[in-house]
Amino acid sequence: MHRVVITGTGVVSALGSNTASFWHALLSVRSAIREMAGFEAAQIRFKNGAEIRDYSAEDHFEPKDIPFMDRFAQFAVLAARQAVTEAGIEWTPDLRETTSVITGSCLGGRAAEESGYWELFHNGKNRVQPLTIPLSMSNAGASHICMQFGIEGPAYTVSTACASSSHAIGQAFWMVRSGAAPMAIAGGSEAPFFLGGLKAWEAMRVISKDTCRPFSAERSGMILGEGAAMLILENLEAAVARGARPLAEIVGFGMSADAGHITQPLAAGPARAMRLALRDSGMAPEQIGYINAHGTATEANDRIETAAIRCTFNSHADKLAVSSTKSMHGHALGAAGALEAVASVLSLRDGMLPPTANFISPDPACNLDVIPHHARAASVEGCLSNSFAFGGLNAVLAFKAFP
Amino acid sequence: MNQTIQERVLKVIATSKRVPLETVQPDSSFEALNIDSLDRLNILFDLESEFEIEIDDEQAKQVKNIHEMIEGVTLLVQAKSAPSSVK
């Protein structure tokens with residue numbers, strides 16, 4: 001069993017196009033939620049989202065490569081490039097052959113699929129674009145990362161809705177810890193801003209017409225976001241031997257299924273995932289000082305997550321700081337867990353806890369210390385990052401500060 | 001006309017939930033009919049199609065039983081047919 005550290009991160013999000021700008025925005029409480037561009041107001045019943053603006057594929061990719069990559073796959077590669085650069089990885093044939101790539105995505109390239117079907121169903125064409133399948137497949141992000149760096153090791157994609165990238169990072173952690181791979185690139189990417197997808201979310205009636213106000217009595221639902229985050233996971237000995245500087249240690253992973261309802265969450269499943277992550281980490285509950293919550297700002301999630309945290313931590317729940325950074329980067333579905341894992345890692349590195357933005361007044365059903373309005377300086381030993389998916393599939397990651 | 005709306009609402013609920021029409025009464029509670037949050041989404045969607053109306057999320061959240069659902073639909077149908085109404 002190896003100890004596993006994070007040695008690099010990469011972020012593409014509405015808050016910024018790299019980890020540094022993302023982290024700076026979170027600590028300065030700058031929300032990226034605003035009116036969505038490119039859709040007519042009459043088309044959709046909600047108007048706000050956390051979209052990435054001013055993005056141009058031509059700024060990052062060769063013209064010959066662009067037609068083969070959907071937006072979500074481009075984000076995945078961009079985040080991976082940053083993470084690899086920060087970690088200072090020098091590729092050798094052996095490292096290429098053994099490194100693992102595990103990505104998460106909820107929707108994959110479904111926007112590309114929609115474009116193809118638009119031709120079929122609306123424009124009366126009898127054929128779709130020939131790249132529709134390779135563009136839309138959910139594993140395209142992992143495949144393009146492998147091609148980008150010539151990585152030939154175990155690579156696959158996890159799709160568990162809003163927990164996708166937490167499951168991906170957890171699997172990568174276990175893989176590196178066990179020695180099955182010396183290093184892994186893990187995270188998630190998502191690009192959910194296309195009309196059919198937005199209409200499907202509208203019909204779920206869980207998107208706020210206001211903004212994302214996690215744990216606040218005034219919360220009225222989630223706000224969609226997009227982007228990607230990738231992390232480099234390495235075994236500690238190898239990382240230290242090559243002179244890498246660990247940002248934090250990843251120490252635990254827990255997962256569970258509610259086995260309850262396809263959309264309504266239960267507290268028992270998330271609580272069990274948190275307990276299992278703690279047990280896997282070898283940390284005592286009292287060593288946890290911060291939880292980056294799933295915190296979607298739906299009525300049900302925040303109430304149930306609070307109950308699950310209280311059930312897991314008992315009296316220590318009153319000493320925990322808990323925040324939802326979705327209030328700033330939106331809910332990036334399959335990328336959410338990875339974005340929040342990066343926030344968790346950096347909060348340990350810097351001794352700064354990101355806040356819950358847009359908070360107005362407390363809800364007795366969400367009576368936790370949710371770090372409203374302002375970031376907080378606090379050196380914590382360990383933290384959890386919670387992700388709970390529709391379908392009742394839960395994934396919790398545990399990180400520990402690396403001295 | 002209200003009677004007709006009521007009958008149509010009850011039929012939409014019975015069809016959506018796949019239960020016999022006679023089991024759905026105006027004074028039935030959602031709990032008694034085993035209607036959960038996802039069933040409600042389906043019913044709201046079917047009601048919007050049946051009456052060609054748009055039911056606001058916040059208004060929908062206030063509805064606690066089938067009687068209120070019938071009342072809400074009736075108001076929306078009346079607003080739609082009123083000559084001065086603006087959609």
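Domain bounds, as used in these legends, come from an automatic or database domain assignment. This is a predicted model, in which local features need pLDDT of at least 70 and side-chain atom pairs count only at pLDDT 80 or more, while totals for chains, interfaces and linings use all residues. Residues are numbered from 1 along each chain as its sequence is written, and chains are lettered from A and ligands numbered from 1 in the order in which they are written.

**View 1. The two domains of chain A.** Chain A is divided into domain 1, residues 4-241, and domain 2, residues 251-400, and the C-alpha centres of these two domains of chain A lie 21 Å apart. Their contact (C-beta atoms, placed from the backbone, within 7 Å) takes 62 residues from domain 1 of chain A and 57 residues from domain 2 of chain A.

**View 2. The side of domain 1 of chain A that touches domain 2 of chain A.** At least two residues each are supplied by several elements of chain A, including strand S1 (4-13), helix H1 (19-27) and helix H7 (164-178), where helices (H or I, at least four residues) and strands (E, at least two) are DSSP runs, numbered from the N terminus. H7(A) gives the largest share of this side, 8 residues.

**View 3. Burial within chain A.** Of the 403 residues in chain A, 59% are buried, a residue being buried if 20 or more other C-beta atoms, placed from the backbone, lie within 10 Å of its own.

**View 4. The meeting of chain A and chain B.** Here 7 residues of chain A are in contact with 7 residues of chain B.

Methods:
Contact = placed C-beta atoms within 7 Å. Buried ≥ 20, exposed ≤ 12 C-beta atoms within 10 Å, placed from the backbone.
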